[in-house]
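My entries follow in the order in which I checked things.

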Amino acid sequence: MYKLIAIDIDDTLINDEKEVTPATQAALEQAVAAGVVVTLATGRAYASAQAIARQTGLNVPIITYQGALVKNLMDEKVLYERYVPQDAVRKLFQYCVEHNLHLQTYIDDKLYAREENQKLVEYSQLNKTRYYIEPVWEKLVEQPTPKMLIIDDPAYLDKLAPILRELLGDSVHITKSKPHFLEIMHHEGTKGLALEFLAGHFGCDLSETIAVGDSWNDHEMLEAAGLGVAMANAIPALKEIADFVTLSNNEDGVKYAIDKFILNTATQ
């Protein structure tokens, strides 16, 4: 019997129309009614994830910023929080300024950047997140941040990641949530560690948890969970490490996983 399921949002819980379908919504409600803790695990900011969680009627802590922040939905109490080390923040800002890279940071759940450009505007529209401009980047360095994000060409980011790992060291966790999003968190800011924390919080063993995702930033979570589920639309590397591959996000893949492993109503 599984007691907790953690579900990624983008390209997992929501379809390509950015919606939770009625069928998937019903499955979430049935899982909760069966006594299972249903939570979200996303790279999104808390405010953005909170809106989707509330739409789906969830009232438990959710995992946000790739695992750097676990926060209650009801009273907004912070349960787990890891900020990017300030030395790494400063180095990353300096590197991005010198190399003319678009860097975003989150402070008090608000999105900040040094300048307005198309990357920022499109990201804001994608996540329905308001943004703020602070041209004096030194002011941003002093503020604690759970996540920093570089947006660029996927192939360039693949080359950049090892350079930044060398520059910033073991104090940070670097991952991709989408091909053109390179995200930097505290080294303990992973969905896997956040899932481990939540399992302990609810008094269940990791073997009693399910994790569902589609991208490489989900791999720690799938590896930590008792059952790791990849979407049919997931990247090949995630499917390789998953225990099960469900249907796609446009075919109610989350519902199918819940039906099969929690409700035991799947026909195949």
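Is Ser 248 buried or exposed? I find it buried, because its relative accessibility is 11% and buried means under 20% relative accessible area, exposed over 50%, partly exposed in between (1.4 Å probe, protein chains only).

Before going on, I note the ground rules. The model is predicted, so I take local features only at pLDDT of at least 70 and side-chain atom pairs only at pLDDT 80 or more, while totals for chains, interfaces and linings use all residues. Residues are numbered from 1 along each chain as its sequence is written, and side-chain values use heavy atoms, with hydrogens and water left out.

**Entry: surroundings of Ser 248.** I placed Ser 248 in the loop between S14 and H11; helices (H or I, at least four residues) and strands (E, at least two) are DSSP runs, numbered from the N terminus. Leaving aside neighbours within four places in sequence, I list Met 231, Ala 232, Asn 233 and Gly 253 as contacts of Ser 248, where contact means heavy atoms within 4.5 Å. Ala 232 is 16 residues from Ser 248 in sequence, yet their C-alpha atoms are 4.4 Å apart.

**Entry: helix H11.** I looked up which residues of H11 are buried, and they are Gly 253, Val 254, Tyr 256, Ala 257, Ile 258, Asp 259 and Ile 262. Their cover includes strand S1 (4–7), helix H1 (9–13), helix H2 (22–33), strand S12 (209–213), strand S13 (227–230) and S14. Just after H11, I noted a positive phi of about 55° at Asn 264.

**Entry: cores.** For a nonpolar core I used the set of buried Ala, Val, Leu, Ile, Met, Phe, Trp, Tyr and Cys residues joined through side-chain atoms within 4.5 Å. The largest one has 65 residues, and Ile 5, Ile 7, Leu 40, Ile 210, Val 212, Val 254 and Ile 258 touch the most other members. H11 gives the largest share of this core, 5 residues. Beyond four places in sequence, Ile 5 is in contact with Val 36, Val 37, Val 38, Thr 39, Ile 210, Val 212, Ile 258 and Ile 262. Another core, of 25 residues, lies apart from the largest one and includes Leu 101, Leu 103, Ile 107 and Leu 182.

**Entry: aromatic rings.** I searched the whole structure and got 7 aromatic pairs. Rings of Phe, Tyr and Trp (its six-membered ring) pair if their centres lie within 6.5 Å; planes under 30 degrees apart count as stacked, over 60 as edge-to-face and the rest as tilted. Tyr 80 and Phe 197 are a tilted pair, at 5.2 Å centre to centre with 45° between the planes. Tyr 80 belongs to strand S5 (residues 78–81) and Phe 197 to helix H8 (residues 191–201), so I record a link between distant parts of the chain, 117 residues apart. Tyr 80 is buried at 8% relative accessible area, whereas Phe 197 is partly exposed at 27%.

Next I checked Phe 244 and Tyr 256, which are stacked at 6.2 Å centre to centre, with 20° between the planes. Phe 244 lies in strand S14 (residues 244–245) and Tyr 256 in helix H11 (residues 253–263), so this pair ties together parts 12 residues apart in sequence. Phe 244, Tyr 256 and Phe 261 form one aromatic cluster.

I also looked for charges over rings, taking NZ of Lys or CZ of Arg within 6 Å of the ring centre and within 35 degrees of the ring normal. Arg 82 lies over the face of Tyr 80, at 4.2 Å from the ring centre; Lys 71 lies over the face of Tyr 46, at 4.4 Å.

**Entry: the sheet.** I traced 6 strands in an open, mixed sheet, in the order S8-S7-S6-S9-S11-S10; two strands pair if DSSP finds at least two bridges between them. Strand S8 (131–133) and strand S10 (172–178) are the edges, each pairing on one side only. S10 runs antiparallel to strand S11 (residues 181–186), with 6 bridges between them, and a hairpin joins the two through 2 residues. His 173 stands opposite Met 185, and Lys 176 opposite Leu 182. I count 7 of the 7 residues of S10 as buried, so S10 is largely enclosed by the rest of the structure.
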